[in-house]
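Have the model open as you read. The questions below walk through a few local features.

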Amino acid sequence: MFVIFLLSLALLLGLALVFPILKHLFVKVQHPSSIPNGSMGWPLIGETLGYLKPHESNSMGSFLEKHCSRYGRVFRSHLFGCPTIVSCDHELNTFILHNEGRLFQSSYPKPVHDILGKLSMMLVTGDLHKKLRSVSVGFISTSRSRPDFLHYVEKLAISVMELWRENQEVSFFTEAKKFTMYVMLKYVLSIEPEDPLAPKILEDFLCFMKGFVSIPLYVPGTPYAKAVKARARLLHTLEKIVKEREKTREVKGDFLDEMQLKGNLSDEEKVSVALDILLAGYETTSGLLALVVYFIAQSPACVLQQLKVISESLRCGNLVKFVHREALQDIQFQEYIIPGGWKVLPVLTGAHLDPSLHQNPSHFDPSRWVDQAINKKVSPFGGGLRLCPGTDLARVETAFFLHHLVLNYRWKTKEDESPMSCPYLDFKRGLLLEIEPNRD
């Protein structure tokens, strides 16, 4: 009897523990009517898999298109393990981005924290974020128009294109990554492309980014696990460079010098900020370059007459799809209530491809930028306190590269049958370029 009593007691305790979990998973939560409509999806995983389904950059993807059509451009869902408000509305997105630290704060999933590190500017909040960001913004603001920096960018762009003439084909995205990484290494750490350390750092960043956008499964051999190890190698490399600079006290006029002069950063903070700047400057700028060249190839006649394509590439290509935020309290915005503690995803793509803001939004059309009002309808680099500090830097690098690309190469179109006076770029298999030797 005593054994039966113990078994019955254990069963009752088990049910007492399991019932709340089952209730949370399977009983529909009652929401106030003012919370945006939507669907919470499956237990635990919610709608995350559908949300992350790959799609073309000049498309919102089937998930957002279907949800916006059914629930409106602001809806609720369950993403990345949390109840979430998803916004494809430009006005709400602007409200969220410009109320950082007051009504909302950065809030990324744990795997992102694990791979970026606790001191990443993308993750830290409050005074620490202000301190780390001020160092970056100060240096970028004063150096983006320095003649020596601009000369270096131009020189490197020319040298990259000269090397292309030795090959029948080049993978442009790979070349763009090399170009932007070598610019940033010079800019941040005074490391030249010829330095054996340069390709090693580039290789680690390539590995890091593959894992950053992969399923966060830390199992040996997975891209995520390899990325974590690549980041550890990068940290070790940067730590050695920081300590060596402190030891020699050599002044090179780079970003590391700027951090040394500030004096209020620990070595760990210096390494983290340097890693952030390298990552942001390398990854987003190379993506922008690839997008610009891709879109140029799709509409050569338009581009030959008007080379102001960078802004339109950012709008149409959508390098940054969305950002992660969290509501710090219950927030009323127009007719909606965003509950405190809920995650909020401002989808920048949603506004960039909104037909109520942009005519034929998926079409690449640089001429739409003749209307200056469009500047207020896009936010490719975020906004508010977390506006990307390297925005102008990315545009400068892209402009220099594009200038020399157009001077030295032409795009082959279907009508081009006669011999050409200069090499041409023929797009095949995505961003693979076939280079025709000069026929002069």
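**Hairpin, helix and a recorded site**

Q: In the hairpin of β1 and β2, which residue takes a positive phi?
A: The hairpin of β1 and β2 has 2 residues between the strands. Strands here are DSSP runs of E with at least two residues, helices are runs of H or I with at least four, and both are numbered from the N terminus. The phi in question is near 55°. The residue is F80.

Q: How many bridges join β1 to β2?
A: This is a predicted model, where local features need pLDDT of at least 70, side-chain atom pairs count only at pLDDT 80 or more, and totals for chains, interfaces and linings use all residues. Residues are numbered from 1 along each chain as its sequence is written, and side-chain values use heavy atoms, with hydrogens and water left out. β1 (residues 74-79) and β2 (residues 82-87) run antiparallel, and two strands pair if DSSP finds at least two bridges between them. The number of bridges is 6.

Q: Which residue in β8 is the bridge partner of V86?
A: β2 is also joined to β8 (residues 343-346). These two strands run parallel, with 4 bridges. The partner of V86 is L345.

Q: Is E326 buried or exposed?
A: E326 sits in β5 (residues 325-327). Contact means heavy atoms within 4.5 Å; beyond four places in sequence, E326 contacts residues including F104, W342 and K343. Buried means under 20% relative accessible area, exposed over 50%, partly exposed in between (1.4 Å probe, protein chains only). E326 has 18% relative accessibility, so it counts as buried.

Q: Where do the buried residues of α4 fall, seen down its axis?
A: The buried residues of α4 are H90, L92, N93, I96 and L97. The arc is taken over directions from the helix axis to the C-beta atoms. These residues fall within an arc of 160°, so they line one face of the helix.

Q: What is the C-alpha to C-alpha distance between F95 and G383?
A: F95 is in α4 (residues 90-97) and is partly exposed at 22% relative accessibility. F95 and G383 are 288 residues apart in sequence. In space, C-alpha to C-alpha, they are 9.7 Å apart.
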